[in-house]
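Please open the structure in your viewer and keep the selection tool at hand.

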Amino acid sequence: MAEYLGRLATQAPTQLHTRSPGSLLESLLSQGFHENLAQKALAATGRVGPQEASEWILTHQNDPTRDDPIPQEYVMYLIPSGTLWDKLMVFWTESQTDCGRNGAHEVFPHISLCHFFTCEDSKLERLYKALKKTGDRFVDRFPSRISLTLHTSSCYIGFFLDQASADIIKQFALTFRETAAKLADCQLDLSSKPLHLTLAHSFLPHHQLELEAKARCISLGLSCQWKATLYSRDMRFAHYQVLQALYPYNPQNDDELRLDPSDYVFMHPTEQEGVSEGWVFGTSHRTGCMGVLPGNYVDEAPESGTWVKHRSYAFRQTRVEASNGNRYSALCLEPAPHQAPSSIHRLLEAQLQATASSRRWLLFVRHGESVDLVFGKAWIEQCFSEEGRYFRGDLNFPRSVPWRAGGARDYRHDAPLSSCGIFQSQLMGEAMADREIGIWCVYSSPALRCVHTAHYLLEGLKPSSQVGIRLEPGLFEWTTWEAKKPIPNFMSVAELEAAGYSVDGTYRFLLSQCAAV
């Protein structure tokens, strides 16, 4: 993914294609496509060529919105290249691997010059011309030296540009806005914030120190070429979550969506009503088709992975250096004149550690894969004899199930985890142990799938002291998945304890089942 985003951000033509705009359109018209569709396909593929545009038209032949006159949304970023870009992408990748996704992982490293704006498909070449014309005016005025200041706080880490360089770059953006309005009838809103290059934001507070340490490892004092680059996205999905296929999926029913490896899917929470548990409703970025797909076949992906790169203007080589000091806004440290920078860092880290140690963290965990999710409600008939005796009909069924007073009947609406679900829960506990995450108490829904998850997570975590699972009926999904289903007859604390699960028999729930219903 990082390699793909690197190519997306840095490997685009710096000049207009030698093929004339008219020849691109004429080539598509000669194939029988009408003009509006041809212009839309060219815009959706970055006007690379007629072959890419015709392939887009064919892959979207079942897209119900293919012929709708909906323009792309555009944005202009300033992107570094060379060694600096490589260092930023190392941070981008390692910060996600070591500290999990944060807000900065939605888009590759960049400096925002304007907000998203629209441009008619037929006027896109004029927008390209506006970029080149503005770049030519500033090619000799672009800063020969840029100073970056590292700014950190409890929710943001990034570089800010020195004022002199920022003023020149903002003048470039202002001139581009005026030229784009004149040539392409585009209305742009420029960024009003100080120019900055974000490294991380909206991260968990306990990751701040590690992210700061990684940011300080980005050594500057090097030369690089900056490129003003135009990107576009499908404006209909601007606020959707982007998922990426991990595996191919062939639809089994008419309402299901086909997935090819690495396909992107747009998903919005408001469209998930009525979708079966474990499934997701989404729209394919590659084909424009809509349908449901298995949730475990996709994973979160950066929004910018679905963007199209259009044109870039490359400026001259610039010396990028670090400023004399870093800014730590969260604690507002004002060093005394005699205080060494290393002392400031130690003081900052000590205060942050003291703050973090005084906090309590609440971790939310979704239950693992349950057998009814994999095999459907018919799993009962596959695993229980007429006498109610359990047998393992498939390797993904658990080795055994606990005894309960209602027997197989109660399992129909209160299923256990599958073998894969048990494995997932144990791995989650082991991962928490590797991160040295301590657990002092555990609350769980009384649903067996949740009790199973908590039990096997603790089994993988191996906490230093005995931790009992506190059963809280208020955590059960009364108002979502289970709203129209019979109320499950949950296993009692005594039954769970007899089965070997580490439940806390002294805990008294806060919300009774009757109150919840």
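Select helix 8, residues 208-216, in this predicted model. E212 and R216 both lie in this helix, 4 residues apart, which is about one turn of the helix. Helices (H or I, at least four residues) and strands (E, at least two) are DSSP runs, numbered from the N terminus. E212 forms a salt bridge with R216, and their closest N and O atoms are 3.8 Å apart. A salt bridge is a side-chain nitrogen of Lys or Arg within 4 Å of a carboxyl oxygen of Asp or Glu. Are the two partners buried or exposed? E212 is buried at 1% relative accessibility, whereas R216 is partly exposed at 29%. Here, buried means under 20% relative accessible area, exposed means over 50%, and partly exposed lies in between (1.4 Å probe, protein chains only).

Two points on reading the model apply throughout. Residues are numbered from 1 along each chain as its sequence is written, and side-chain values use heavy atoms, with hydrogens and water left out. Because the model is predicted, local features need pLDDT of at least 70 and side-chain atom pairs count only at pLDDT 80 or more, while totals for chains, interfaces and linings use all residues.

Next, select E303 and R233. These residues form a salt bridge with closest N and O atoms 2.7 Å apart. The pair links distant parts of the chain, 70 residues apart: E303 is in the loop between strand 12 (298-300) and strand 13 (308-322), and R233 is in strand 7 (residues 222-234). E303 is buried, with a relative accessible area of 16%; R233 is also buried, at 12%.

The structure holds 22 salt bridges. For another of them, select K123 and D185, whose closest N and O atoms are 2.5 Å apart. K123 lies in the loop between strand 3 (117-118) and helix 6 (124-138), and D185 in the loop between helix 7 (163-184) and strand 6 (196-201), so the pair ties together parts that are 62 residues apart in sequence. K123 is buried at 14%, while D185 is partly exposed at 46%.

Now select H110, in the loop between helix 5 (82-99) and strand 2 (111-112). H110 is buried, with a relative accessible area of 15%. What does the side chain of H110 reach? It reaches the backbone oxygen of F108 at 2.7 Å, and a polar contact of 3.2 Å joins the side chains of H110 and S112. A polar contact is a pair of N or O atoms within 3.5 Å; within protein, one must be able to donate a hydrogen and the other to accept it, and residues adjacent in sequence count only if both atoms are side-chain atoms. Leaving aside neighbours within four places in sequence, H110 is in contact (heavy atoms within 4.5 Å) with Y77, L78, I79, H196, L197 and T198.

Finally, select the whole protein chain. Its secondary structure comes to 16 helices and 16 strands, and 47% of its 517 residues count as buried. Colour the chain by pLDDT, the predictor's confidence in each residue, from 0 to 100. The mean is 86, and 85% of residues reach 70 or more. Over residues 513-517, however, the pLDDT is below 50.
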